[in-house]
Amino acid sequence: VGTISFARGVPAPECLPVEELADCARAALERDGRTALGYGSAAGYAPLREWIAAEHSVEPERVLITNGSLQGFIFLAQHLLARKRSRVLVEAPTYDRPLKILVGLGAEVTAIPMDDEGLDLDALEHELRTEPGPAFLYTIPTFQNPSGRTLSEERRARLIDLARRYDLLVLEDDPYGLVRFEGKLLPRLFDLNGSILYSSSFSKVIAPGLRVGYLVLPKALAFALEQIAVSTYITPALLGQATVLEYLRRGLLEPNLERVRELLRARRDAMLRALEREFPAGASWSRPEGGYFVWLDLPDGADAGELLRRADQAGVSFVQGSDFFPGSAGGESSARLAYSFVSPAEIEAGIARLAALLPAVTSV
Ligand SMILES: Cc1ncc(COP(=O)(O)O)c(C=O)c1O
C-alpha cells in the first residue's frame, strides 16, 4: 500500500482542467503568440493585468502579476524589509514558506496567536501598543494555511480599524477565498479597505503549474516591486498568463470552481467523518468551510513529531504543527492535515492508520 499523503497541500490530479488548458494555451499562442513568447513587462501580461484590475475595481497600474503569489510575497518582503523596519507580525500558526522567507531575509518574526475565529485581535492590539512599528502584518484570513480557520466578519472590521489606528500595513494573502464549499461569503479585507495589500493566485482555482499569482498594491509600491521583478527575472512567464486570460475570457473559471469545490467538499467530509469516528475524546480539529486544510490538536501530551516518525513507517504523512510557528515554538501536539490531494477512500484509510498509532505517542 502506497503512502497516503496528508502533507501535500496541492490539488488532486482530477482537480486540474488539463484538456481545457491545452485548448487555451493553443488559442493564446494563436491569438497573441509573439507577445506571449517574448520578453514583456515585468508587471505581467497587460490584458490579464486589466482583467484582474477590473475584477478588483482598481487601475491596472496597481496590479503586479508574478510567477505564483509566493514570488510576489518575496518581492514585497524584500522591499518592505529593506526600509530598515525588520519586524514582521504573523499568525501563529502560519504558512511555513513565508516564515522561512522572512527568516532568510533577516526579519524578526513575531507570532500573534489565533483561535477558532482567526487572528486574536486583543493580542494584536496589545502587540501594536507595546511594540510599535512593525514592517507589516502577514495574514491569511480565509481558509488559512495551515489551520483551515477563517477570520470572522466582526474581526475583519476590527482588524481594518486597528490597521488604521496603528498605521499598520496589512498583507492579505487570499489564494483560497473562492474555494468555499459552504457557509456565508465574507468580504475580503481588501474589499473593506482598498489600502490593504492584497495577494491572490490562480494556483488553487485553475492550476498551480501555470505559476500565475498577483498582488494588488498602491501604485508606488507596485512600481517599486516591478523594479525588483525586472532585476530578478527580466520578464515573468507570459505564456501561463496568456493561457489564464484565455481561460477567463471563455468563462471557464466559474464552472471549474463549481467542479473543484465539489471534489474538495467530498474530501473534507471524508476527513471530518473519519476523525469523528477514529479519534478519541481529547483530540480536536478545525472544521473548514473551504480550502485545503484541517488543523488537528492531538490529546494533551501527544507528541506530533513522534507520531510523524511512526506514521512515515505506517505509510501516512502529514506536516507537524511546529513547522508553522516561528522558531518552532508551538504546535508540538498539532498536525496540518491536507485533504486536497488524496481521494476520499484514502483519507478514511489514512486517518484510521494515524488513530491506531496514537496510543503509542501519548504519555499518560
Ligand atoms: C496561503 C498561501 N499563500 C501562497 C501560496 C502560494 O501560491 P502560489 O502557487 O500562487 O505561489 C500558497 C500555496 O500553497 C498558500 O497556501
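The largest pocket in this predicted model holds about 580 Å³ of space. Its lining comprises 29 residues, and G9, L70, Y95, R97 and K204 are the closest to the pocket centre. Four elements each supply at least two lining residues: helices α3 (69-81) and α4 (96-104), and strands β7 (170-173) and β8 (197-201). Of the contributors, α3 gives the most, with three residues. By class, the lining has 16 nonpolar, seven charged and six polar residues.

The second largest pocket has a volume of about 310 Å³. It is lined by 15 residues. Nearest its centre lie A163, D167, L168, L169 and V170. Helix α6 (residues 153-165) provides the largest share of this lining, three residues. Nine residues of the lining are nonpolar, four are charged and two are polar.

A search of the whole structure finds one cavity of 30 Å³ or more. About 50 Å³ of space lies in this largest cavity. Its lining consists of P11, C15, L16, S203, K204, V205, I206, V260, L264 and Y292. Eight of these residues are nonpolar, one is polar and one is charged.

The structure holds 30 salt bridges. D174 pairs with R188, with the closest N and O atoms 3.7 Å apart. Both residues lie in the loop between β7 and α7 (189-192), so the bridge ties together parts that are 14 residues apart in sequence. D174 counts as buried because its relative accessibility is 5%, under the 20% limit.

A second bridge joins R180 to E289, and here the closest N and O atoms are 2.9 Å apart. R180 lies in the loop between β7 and α7, whereas E289 lies in the loop between β10 (284-285) and β11 (293-297). The pair therefore ties together parts that are 109 residues apart in sequence. R180 is buried, at 11% relative accessibility. E289 is partly exposed, with a relative accessible area of 30%.

E254 forms a salt bridge with R261, the closest N and O atoms being 3.4 Å apart. E254 is partly exposed, at 40% relative accessible area. R261, by contrast, counts as buried at 17% relative accessibility. Beyond these pairs, a network of salt bridges links D122, E125, R129, R158, D161, R164 and R165.

Individual leucines complete the description. L253 lies in helix α10 (residues 253-278). At 15% relative accessibility, L253 counts as buried. The C-alpha atoms of L253 and V179 are 12 Å apart in space, and the two residues are 74 apart in sequence. L239 lies in helix α9 (residues 238-249). This residue is partly exposed, with a relative accessible area of 30%. Together with L29 and L37, L239 forms a nonpolar patch on the surface. The accessible area of the three leucines is about 250 Å² together.

Notes:
Residues numbered from 1 in each chain as written. Predicted model: local features only at pLDDT ≥ 70, side-chain atom pairs only at ≥ 80, totals over all residues. Heavy atoms only, no water. Patch = residues over 30% accessible without salt bridge, like charges linked within 9 Å, V, L, I, M, F, W, Y side chains within 5 Å. Areas by Shrake-Rupley, 256 points an atom, 1.4 Å probe, with all protein chains shown as cover. Salt bridge = Lys/Arg side-chain N within 4 Å of Asp/Glu carboxyl O. Buried < 20%, exposed > 50% of the residue type's maximum accessible area, 1.4 Å probe, protein only. 1 Å grid on protein atoms, 1.4 Å probe; cavity = no way out; pocket = protein on both sides within 12 Å on 5 of 7 lines; lining within 4 Å. Points joined across faces, edges and corners; volume = space filled by probe spheres on them. Nonpolar A, V, L, I, M, F, W, Y, C, P; charged D, E, K, R; others polar.
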